[in-house]
Amino acid sequence: MDGVPKPGRILVSSEAIDRRLGELGARITADYRERNPLLLVGILRGAFVVLSDLIRRLEIPCEVDFMEVSSYGTGTSSSGVVRILKDLEEDITGRHVLIVEDIIDTGLTLSYLRRSLLARNPASLEIFALLSKPSRRRVEIEVKYLGFEVPDEFVVGYGIDYAGYHRNLPDIHALLDSP
């Protein structure tokens, strides 16, 4: 791990994440109780941890599918070019869909993804994001279920990585010495 920036101060503790997921899980359950089954679309790779914890807090029938999109590569800032690396396996026509994202930075990736999924005619499409960096936003995105706002720093932990490192940390940390 020589040359890999280390995690710094904790921005969001695992306890705070757990509490907030409980609150959001209750809201999602109430919102979709009469519109189930809900299809949760996890955005790989960062959202797999939050999705697994969130789904256990839902008290409604739900299904899961995944997409993998890329706009970062191995750096710490968005390239601005969005590529779909893995598409959905489920047909979302007429389905209630909740995109589950780890973090919204510029909003470019999620804006592209939202347009792409709306073109497939879901009954409804909403967004859940664990983290948001509003100071970095270049495209406004409506997020119905938001965990936390974080400062304009590169973050790692709880599924979020830097070049494949630090996903396993239970808390959200600022990255020390970002390249």
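This is a predicted model: local features need pLDDT of at least 70, side-chain atom pairs count only at pLDDT 80 or more; totals for chains, interfaces and linings use all residues.
Residues are numbered from 1 along each chain as its sequence is written, and side-chain values use heavy atoms, with hydrogens and water left out.

With a relative accessible area of 12%, S111 is buried (buried means under 20% relative accessible area, exposed over 50%, partly exposed in between, with a 1.4 Å probe and protein chains only). Leaving aside residues up to four places away in sequence, S111 touches V139 and I141, where contact means heavy atoms within 4.5 Å. Other buried residues of helix 3 include L110, L113 and L117. Among the elements covering the buried residues of helix 3 are strand 3 (62-70) and strand 5 (96-104).

Next comes an open sheet of three strands, in the order 1-9-8 with antiparallel pairing; two strands pair if DSSP finds at least two bridges between them. Its edges are strand 1 (7-12) and strand 8 (155-156), each pairing on one side only. Two bridges join strand 8 to strand 9 (residues 172-175), and V155 stands opposite A174 in strand 9.

Now for the rings. The structure holds one aromatic pair (rings of Phe, Tyr and Trp, the last by its six-membered ring, pair if their centres lie within 6.5 Å; planes under 30 degrees apart count as stacked, over 60 as edge-to-face and the rest as tilted). The ring centres of F154 and Y162 are 6.0 Å apart and the planes stand at 90°, so this pair is edge-to-face. Both F154 and Y162 are buried.

Finally, follow the charges. There are 15 salt bridges, each a side-chain nitrogen of Lys or Arg within 4 Å of a carboxyl oxygen of Asp or Glu. R57 and D18 meet in one of them (2.1 Å, N to O). This pair links distant parts of the chain, 39 residues apart: R57 is in the loop between helix 2 (48-55) and strand 3, and D18 is in helix 1 (residues 14-32). D31 and K144 form another salt bridge (3.9 Å, N to O), with D31 in helix 1 and K144 in the loop between strand 6 and strand 7 (145-149), 113 residues apart.

Terms used. Helices (H or I, at least four residues) and strands (E, at least two) are DSSP runs, numbered from the N terminus.
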